[in-house]
Amino acid sequence: MHSNWRCDNCGDVPPFHVAEHISAEIVGTVLRESASSAERIPLWCPWPLPSGWMVTGVGWSGDDRFGVRATVLTCSGPEPLGGGPADLALIAEQPGVGLGTRFAGIPGLDPGHLLSEALADRGGHAGPHAKIKAAGHPTPLWCVKSPEDRSAYVSEAKGMWLYAVAWPASAGYLLAEHVVLHDLSEGVPSELVFGAPSPFLHGRA
């Protein structure tokens, strides 16, 4: 007997846990869970939050044997082009977990092959598709192929995969702005604003 979940396409994967609601106390619980792991997994959050945006969910992958191996935080706010509702999921994970690819809607446990394709599709033009700052460091993001209802970007930060998945696809333009990601394990801002749970964290994705 073991605690892993089994994906029909990818095989064994760590179980995924989602908090039903979101608050500063729940964020603290996730951070304590992550702190008990052998390797601390970042919990990325845009900070400062873009205008009108709120934190709308948090989840993690892992079990009692290996601890937390991936985290996800969702934010919701006005879509940057049309002003309608938009959602953004930020995932940090160790290699071979598959949480980021699940939200991105792409096959496999790791995005390496799709990242290679994205680099090849640049057509000779140097540079990434978007640039953000993560934990104080300039971080390039590469857009990878995903379903038409979303846009998915992949990078690496703190030695782990970093995914940014936005719904609808046009909400990915948010990353063209000056986005700074803060690892909440290094401190939770008291001004953090929370909103209604994101449907994409609770089964819609």
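Reply: A residue is called buried under 20% relative accessible area, exposed over 50% and partly exposed in between, with a 1.4 Å probe and protein chains only. By that rule Trp-167 is buried, at 2% relative accessibility. This is a predicted model, in which local features need pLDDT of at least 70 and side-chain atom pairs count only at pLDDT 80 or more, whereas totals for chains, interfaces and linings use all residues. Residues are numbered from 1 along each chain as its sequence is written, and side-chain values use heavy atoms, with hydrogens and water left out.

Me: How is an aromatic pair described, and how many aromatic pairs are counted here?

Reply: A pair of aromatic rings is described by the distance between the centres and the angle between the planes. Rings of Phe, Tyr and Trp (its six-membered ring) pair if their centres lie within 6.5 Å, and planes under 30 degrees apart count as stacked, over 60 as edge-to-face and the rest as tilted. The count comes to two aromatic pairs. Phe-16 and Phe-103 are edge-to-face, because their ring centres are 5.9 Å apart and their planes stand at 80°. Phe-16 is buried at 10% relative accessible area, and Phe-103 is buried at 2%.

Me: Which residues form the stacked pair?

Reply: Trp-167 and Phe-200 are stacked, at 4.3 Å centre to centre with 10° between the planes. Phe-200 is buried, with a relative accessible area of 9%.
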